[in-house]
Amino acid sequence: MNKNKNVIKLFDRMQNIDRRYIYIVVALSIIIPLLIPFNSRTYVTKPTEDIYKKIDSFAGDETKAILMSFTHDASTMPELFPMEVSVLRHCFERNIKVFTICWLPAAAPLVDYALNTAKEDFDVQSGVDYCNFGYKPYVLRLPIMLGMGDDISKAVETDSQGRKVENLEIMKNIKNYDDMNLVVDFAGSSSAITWITYARARFGANIAAGVTAVMVADNYPYLQTGQLMGIFRGLKGAAEYEKLVDVFAAYESEDYPNGRPFSKEIIKETRVPITGDTVPYKYKKARIGMNAQSIAHIMMIFFILLGNIGYFITRKKEL
Amino acid sequence: MKRQIPLIIIITLGFMFVAHSFIPHKISTDFFDWYQDWVKAVSPFAVSLGIMSLFMVHGTKIKRKISNWQYSVITLAGLVFTAFAGFMWGTQSGTPYMWLFENVQMPMSATMFALLAFYIASAAYKAFRARSAEATVLLIAAIIVMLGQVPLGAMISKWIPESSTWILNVPNLAAKRAIMIGVGLGMTATSLKILLGIERTYLGGGD
Amino acid sequence: MFETISNFVAAFLTLSIFSFLYKDNPFYKFAEALLVGVSMGYAIPLVYENVFMPYVYTPIFLNHKFIIILPALLGMLYMFRFSKNLGWLSRYPIVFGMAIIGMSIPMSLHSSVLVQMRSAMLPIDNINTALIFIGTVTILLYFFFSKAHKGVYGKVTNVGIWFMMIGFGASFGYTVMARVSLLIGRIQFLLGDWLGLIK
């Protein structure tokens with residue numbers, strides 16, 4: 001009886017534990033796995049795989065390009081930035097024309113940051129292999145989005161360096177969404193829906209979304225209808241793409257000097273170690289983060305279960 | 001008249017855009033080109049709203065010495081100095097302006113949202129209770145999805161990521177689709193109300 | 001050396017924001033005030049260079065497209081927004097920018113309603129398509145009709161509630177993931193970029 005009372009007392013006390021102790025546990029559950037990295041398997045899922053395959057289908061094609069739309073600021077960078085770097089790395093590895101554009105003032109340096117991070121390992125040139133359209137105000141999003149359906153150069157006018165877009169070499173063979181056939185919107189909001197509503201519904205552009213995990217569940221209806229051809233799901237999506245680029249686009253051998261084509265069997269069998277120096281830190285940041293994510297989720301579930309056990313025990317006492 | 005003329009403008013232009021959605025005629029595309037050029041020239045001035053509002057709010061705080069007014073001085077000084085740095089030394093990488101962005105704006109804005117991880121953990125422990133059958137279902141779905149997203153989940157059992165995918169693809173899809181249809185109809189109705197001049201709150205107060 | 005100082009400033013401000021977890025304090029207040037000011041100040045030169053110059057200055061002064069003076073004047077009317085007597089003038093640029101929502105009527109009806117409805121009415125050939133159909137219809141019934149949720153109707157709408165609970169559960173699971181990811185990003189900065197403990 002006494003033992004029971006003690007247990008109830010303990011749980012009672014635990015129910016009212018100072019929140020700052022919980023904060024310490026949260027911090028430690030992330031700090032420890034980051035300090036002691038371990039190899040864990042990254043399972044690649046279909047929504048990420050579909051984006052990879054679509055982008056890869058443009059490899060070496062002068063008449064096709066992708067557009068990366070940055071609709072976020074630094075607050076969601078930990079989730080979205082590794083996706084952006086991976087997509088750029090994929091494009092540079094496989095010689096795919098890539099455009100970038102952003103709609104918030106605070107996103108402009110993030111585009112530069114992503115481009116600079118990815119391009120330092122490649123011999124690529126602005127205006128030839130890639131082009132940053134730069135910052136365009138959010139109020140112009142619809143007019144530009146719709147205008148690009150007819151003529152990209154006219155809708156965007158100048159790039160981030162103030163050059164006339166129509167004069168750039170990269171624009172050869174690229175006129176509208178028929179050529180710039182995939183738009184990947186990176187956002188912490190439902191911003192991809194605007195692309196679906198206008199660029200896809202009116203011009204048939206393929207749209208993919210790189211979203212923070214908060215927005216993932218809301219986007220599933222668009223994924224099922226095919227309005228979204230793929231989706232990066234938060235940090236996990238970024239980790240999956242990092243692995244895909246490592247395994248295929250960055251692969252080098254005698255048979256495949258510039259990367260190899262996607263294969264379901266290879267991705268299933270291949271494990272890319274994230275400890276050691278095989279892969280540079282900037283290209284495995286999301287996968288390292290996913291280790292901490294694992295531990296943090298276990299901790300969170302533990303909190304939920306502990307809170308509920310306490311709740312039921314103390315409720316029983318009240319009854 | 002101060003309200004009527006803006007309403008006439010939005011109704012006329014709005015319906016021209018409705019027509020533009022359906023009619024790919026040259027007149028329609030010329031209209032869109034004209035609008036593009038004009039709206040681009042209007043847009044840079046919108047930033048003045050934010051600046052003026054910030055100066056008014058914090059200026060009043062400083063003038064009236066409202067508690068913690070000193071922080072308003074920091075806000076305005078930060079604004080003036082950053083803008084000055086941009087005009088004075090340029091906005092390219094390596095300038096004081098970009099230094100401020102990379103080492104002041106960016107880390108702080110990222111950290112603001114990182115705080116929420118602590119709050120959500122605390123809420124999970126203190127408030128996320130299986131008080132009813134519905135709440136229990138919510139809780140179980142949340143746990144499966146949480147486990148299904150991380151490598152550890154798949155290591156525990158293959159069943160976990162598969163169940164998580166099923167939850168997202170079936171019941172979650174149905175729920176979000178129904179909500180989306182409602183929101184879509186609501187958005188259309190609101191847009192129509194604006195175009196028909198029924199919804200006017202965006203015009204602000206006064207005559 | 002310069003990078004060390006820069007990282008120190010970023011780390012100090014990061015920790016100032018985190019200090020709010022202990023309790024509200026002058027460091028947090030200072031960081032918050034600075035963030036608001038710097039964010040706004042940051043936008044001004046950027047808008048000037050990337051928007052004002054190419055869309056206003058260049059067409060008028062370099063290309064002599066003087067008609068652009070009109071929308072520029074229209075844009076200037078924004079500045080009257082906070083004026084007591086002339087506030088009504090700011091309505092002109094606002095309605096001009098908003099007019100494009102005319103396109104959203106057919107477009108959003110198409111993508112958020114019609115396409116979704118079409119996909120909800122696929123042939124029911126397996127248990128999953130049946131469940132999606134049942135879930136969508138019962139939730140729509142729950143939200144759209146003012147009939148009291150009693151009797152058979154109440155039981156049907158109750159099915160909708162269960163579907164919604166699973167949907168909200170999925171959203172909650174992902175929300176946890178998102179918040180943790182953001183914290184991971186900041187800790188990667190503190191441990192890696194600042195302290196050099198992660199490589």
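User: Which residue does B:Asp37 form a salt bridge with, and how far apart are the closest N and O atoms?
Analyst: B:Asp37 pairs with C:Lys65, and the closest N and O atoms are 3.4 Å apart. Keep in mind that this is a predicted model.

User: How many salt bridges are there between chain C and chain B?
Analyst: The count between chain C and chain B is 1 salt bridge. Polar contacts across that interface come to 17 residue pairs, with both residues at pLDDT 80 or more.

User: Which helices of chain C supply residues to the side that touches chain B?
Analyst: At least two residues each come from helix H1 (2–18), H2, helix H3 (69–76), helix H4 (91–98), H5, helix H6 (127–144) and H7 of chain C. H2(C) gives the most, with 26 residues. By class, the side of chain C that touches chain B has 76 nonpolar, 23 polar and 8 charged residues.

User: And what area do chain C and chain B bury between them?
Analyst: About 10000 Å², with 81% of it on carbon and sulfur atoms. C:Phe82, C:Arg91 and C:Phe96 supply 8% of the area that chain C buries against chain B, more than any other three residues. In terms of contacts, 107 residues of chain C meet 108 residues of chain B.

User: What's the salt bridge count between chain C and chain A?
Analyst: It is 0 salt bridges for chain C and chain A. There are 11 residue pairs in polar contact across that interface, both residues at pLDDT 80 or more.

User: Where are the domains in chain C?
Analyst: Domain 1 of chain C covers 2–101 and domain 2 covers 108–194. Taken over C-alpha atoms, their centres are 36 Å apart.

User: How many residues of each domain are in contact with the other?
Analyst: In chain C, 7 residues of domain 1 are in contact with 6 residues of domain 2. The two domains bury about 580 Å² between them, and carbon and sulfur atoms give 78% of it.

User: Which residues of domain 1 of chain C lose the most area to domain 2?
Analyst: C:Asn7, C:Thr14 and C:Phe18, which together make up 58% of what the domain 1 side buries.

User: What about salt bridges and polar contacts between these domains?
Analyst: Across the interface of domain 1 and domain 2 of chain C there are 0 salt bridges. There are 2 residue pairs in polar contact between the domains, both residues at pLDDT 80 or more. The side of domain 1 that touches domain 2 has 5 nonpolar residues, 2 polar and no charged.

User: On to chain A. How many helices and strands?
Analyst: Chain A has 13 helices and 6 strands. Along the principal axes, its C-alpha atoms fill a box of roughly 85 × 50 × 35 Å.

User: What share of the residues in chain A is buried?
Analyst: Buried residues are 61% of the 319 residues in chain A. Of the contacts in chain A with a separation of 6 or more, 75% are between residues 24 or more positions apart.

User: Which residues of helix H8 in chain A are buried?
Analyst: In helix H8 (residues 192–203) of chain A, the buried residues are A:Ala192, A:Trp195, A:Ile196, A:Thr197, A:Tyr198 and A:Ala199.

User: What do those buried residues of H8(A) pack against?
Analyst: In chain A, the buried residues of H8(A) pack against strand E1 (65–71), helix H6 (141–147), strand E4 (180–187), strand E5 (206–211) and helix H10 (220–225). They also pack against H5 of chain C.

User: And which residue just after H8(A) takes a positive phi?
Analyst: A:Gly204, with a phi of about 75°.

Terms used:
Residues are numbered from 1 along each chain as its sequence is written. Chains are lettered from A and ligands numbered from 1 in the order in which they are written. This is a predicted model: local features need pLDDT of at least 70, side-chain atom pairs count only at pLDDT 80 or more; totals for chains, interfaces and linings use all residues. Side-chain values use heavy atoms; hydrogens and water are left out. A salt bridge is a side-chain nitrogen of Lys or Arg within 4 Å of a carboxyl oxygen of Asp or Glu. A polar contact is a pair of N or O atoms within 3.5 Å; within protein, one must be able to donate a hydrogen and the other to accept it, and residues adjacent in sequence count only if both atoms are side-chain atoms. Domain bounds come from an automatic or database domain assignment. Contact means heavy atoms within 4.5 Å. Buried area is the accessible area (1.4 Å probe) that two parts lose on being put together, summed over both. Ala, Val, Leu, Ile, Met, Phe, Trp, Tyr, Cys and Pro count as nonpolar, Asp, Glu, Lys and Arg as charged, and the others, Gly among them, as polar. Buried means under 20% relative accessible area, exposed over 50%, partly exposed in between (1.4 Å probe, protein chains only). Helices (H or I, at least four residues) and strands (E, at least two) are DSSP runs, numbered from the N terminus.
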